[in-house]
Amino acid sequence: MKKYEVTVTNIGEIAQKFFGQKIIVLFSKKEMPLEMQDISIMHSGGELSEDVKTGDKLYLGSRAYIVTAVGEKANNNLRLMGHVCLKFDGKSTSEMPGDIHLKGNEPLAIDIGEKIIIENAQ
């Protein structure tokens, strides 16, 4: 079951430089502070139907990743602002309250128009 689905609408000028650090900063285009525009991947906004949990799957387009840790404020931030920091490092403990950590072998990339989808663990 899908918990969350949004479409990428814009990619900030600096956002892709974070790919090398295995980080994506997400913000809903309606809620994004102007000072975050350059470093963020902006999306259409969506409703989080159920909390993101360890073991869930996150898709960036056709690339799949497994959630390994969820910060204590990540779900609330995703609901209120469409904001979360995705870290593709496979850590089992969140470094920051707004982080979601992921693991996977797929290359880190995203294009305008692609979907970001979070699904229940199977």
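Tyr4, Leu26, Leu58, Leu78, Val84, Leu86, Ile100, Ile116 and Ile118 line the largest cavity. The model is predicted.

**The cavity**

- The structure holds 1 cavity of 30 Å³ or more.
- The volume of the largest cavity is about 30 Å³.
- Which strands each supply at least two residues of its lining? They are strand S6, residues 84-87, and strand S8, residues 115-119.
- The lining of the largest cavity has 9 nonpolar residues. It has no polar and no charged residues.
- Tyr4 is one of the lining residues, and it counts as nonpolar here because Tyr is placed in the nonpolar class.

- Strand S1 covers residues 2-11. It is joined to S8 by 5 bridges.
- S1 and S8 run antiparallel.
- Val6 has its bridge partner in S8. That partner is Ile116.

**Salt bridges**

- Side chains of opposite charge can pair when their charged atoms come close.
- Lys2 and Glu5 meet through their side chains in a salt bridge, at 2.9 Å from N to O.
- Are Lys2 and Glu5 buried, exposed or partly exposed? Lys2 has a relative accessible area of 42%, so it is partly exposed. Glu5 is at 31%, so it also counts as partly exposed.
- Glu95 forms a salt bridge with Lys91. Their closest N and O atoms are 2.3 Å apart.
- Glu95 is partly exposed because its relative accessible area is 42%, a value between the limits of 20% and 50%. Lys91 counts as partly exposed at 36% relative accessibility.
- Glu50 and Lys53 meet in a salt bridge between their side chains, at 4.0 Å from N to O. A salt bridge requires the nitrogen to be within 4 Å of the oxygen.
- Glu50 has a relative accessible area of 28% and is partly exposed. Lys53, at 44% relative accessibility, counts as partly exposed.
- Which residues are linked with Glu50 and Lys53 in a network of salt bridges? Lys3 and Asp56 belong to this network.

**The loop between S1 and S2**

- Gln16 lies in the loop between S1 and strand S2, and S2 covers residues 23-28.
- The relative accessible area of Gln16 is 44%, so this residue is partly exposed.
- How far apart are the C-alpha atoms of Gln16 and Pro107? They are separated by 13 Å. Along the chain, these two residues are 91 residues apart.
- Lys22 is placed in the loop between S1 and S2.
- Lys22 has a positive phi of about 60°, although it is not a glycine.

How values were computed:
Residues are numbered from 1 along each chain as its sequence is written. This is a predicted model: local features need pLDDT of at least 70, side-chain atom pairs count only at pLDDT 80 or more; totals for chains, interfaces and linings use all residues. Side-chain values use heavy atoms; hydrogens and water are left out. On a 1 Å grid over the protein atoms alone, a cavity is a set of points where a 1.4 Å probe fits but cannot get out, and a pocket is an open set with protein on both sides within 12 Å along at least five of seven lines; lining residues have an atom within 4 Å of a point. Grid points are joined across faces, edges and corners, and a volume is the space filled by probe spheres set on the points. Helices (H or I, at least four residues) and strands (E, at least two) are DSSP runs, numbered from the N terminus. Two strands pair if DSSP finds at least two bridges between them. Buried means under 20% relative accessible area, exposed over 50%, partly exposed in between (1.4 Å probe, protein chains only).
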